[in-house]
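Reader: Hi! Could you walk me through this structure, a bit at a time?
Author: Happy to, here it is.

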Amino acid sequence: MIKDRGNIKWTSLMLTEHREKLKELYERDKDIKKPLLDEQHLERLDFLLGEALRLKANIEVLYYENRRLHYYQGRINLKANDLYLDDKKLQPANIVDITIM
């Protein structure tokens, strides 16, 4: 079987602009669309947020931001009708899932 070095063997023949474009294309492949949540899942998220606020429990949030999914952990709180996870301001529409820890 032939052991191929992938793009490494061609990198020296490429212009800087080509390498940057390839890197950009690889990054764009990682992009995902925002998941659509059904009504039942949204009600579950609302219930879990209420419970986390009531219990003052730590939670883990799966959050959609910049065409990627991110995990954040912390304690949820409300400040002036805005939702915060420790110091990070969250948009409720971008919350995909919540786990109470």
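**Starting at a loop**

Author: L36 is exposed, with a relative accessible area of 84% (buried is under 20%, exposed over 50%, partly exposed in between, with a 1.4 Å probe and protein chains only). Before we go on, this is a predicted model, where local features need pLDDT of at least 70 and side-chain atom pairs count only at pLDDT 80 or more, while totals for chains, interfaces and linings use all residues. Residues are numbered from 1 along each chain as its sequence is written, and side-chain values use heavy atoms, with hydrogens and water left out.

Reader: Thanks! Where is L36 found?
Author: L36 is in the loop between helix 2 (16-29) and helix 3 (39-55). Helices (H or I, at least four residues) and strands (E, at least two) are DSSP runs, numbered from the N terminus.

Reader: And what separates the C-alpha atoms of L36 and V96?
Author: They are 8.7 Å apart, although L36 and V96 are 60 residues apart along the chain.

Reader: Switching to pockets: how much space lies in the largest pocket?
Author: About 180 Å³. A pocket here is an open set of points on a 1 Å grid over the protein atoms alone, where a 1.4 Å probe fits, with protein on both sides within 12 Å along at least five of seven lines; lining residues have an atom within 4 Å of a point. Grid points are joined across faces, edges and corners, and the volume is the space filled by probe spheres set on the points.

Reader: Which residues lie nearest the centre of that pocket?
Author: L37, L42, P92, A93 and I95, out of 13 lining residues. Helix 3 and strand 5 (95-100) are the elements that give two or more residues to the lining, and helix 3 gives the most, with four.

Reader: How does the lining divide into nonpolar, polar and charged?
Author: There are 10 nonpolar residues, one polar and two charged. Ala, Val, Leu, Ile, Met, Phe, Trp, Tyr, Cys and Pro count as nonpolar, Asp, Glu, Lys and Arg as charged, and the others, Gly among them, as polar.

Reader: On to charges, then. How many salt bridges does a search of the whole structure find?
Author: It finds 10, each being a side-chain nitrogen of Lys or Arg within 4 Å of a carboxyl oxygen of Asp or Glu. One of them joins E24 and K21, with the closest N and O atoms 3.6 Å apart. Both residues lie in helix 2, three residues apart, about one turn of the helix.

Reader: Is E24 buried or partly exposed?
Author: E24 is partly exposed, at 40% relative accessible area, and K21 is also partly exposed, at 43%.

Reader: What about R68, which residue does its side chain meet in a salt bridge?
Author: D31, at 3.2 Å from N to O. That pair links distant parts of the chain, with R68 in strand 2 (residues 68-79) and D31 in the loop between helix 2 and helix 3, 37 residues apart. R68 and D31 also belong to a network of salt bridges with E27, K30 and R67.

Reader: Nice. And which residue pairs with E65?
Author: K88, with the closest N and O atoms 3.1 Å apart.
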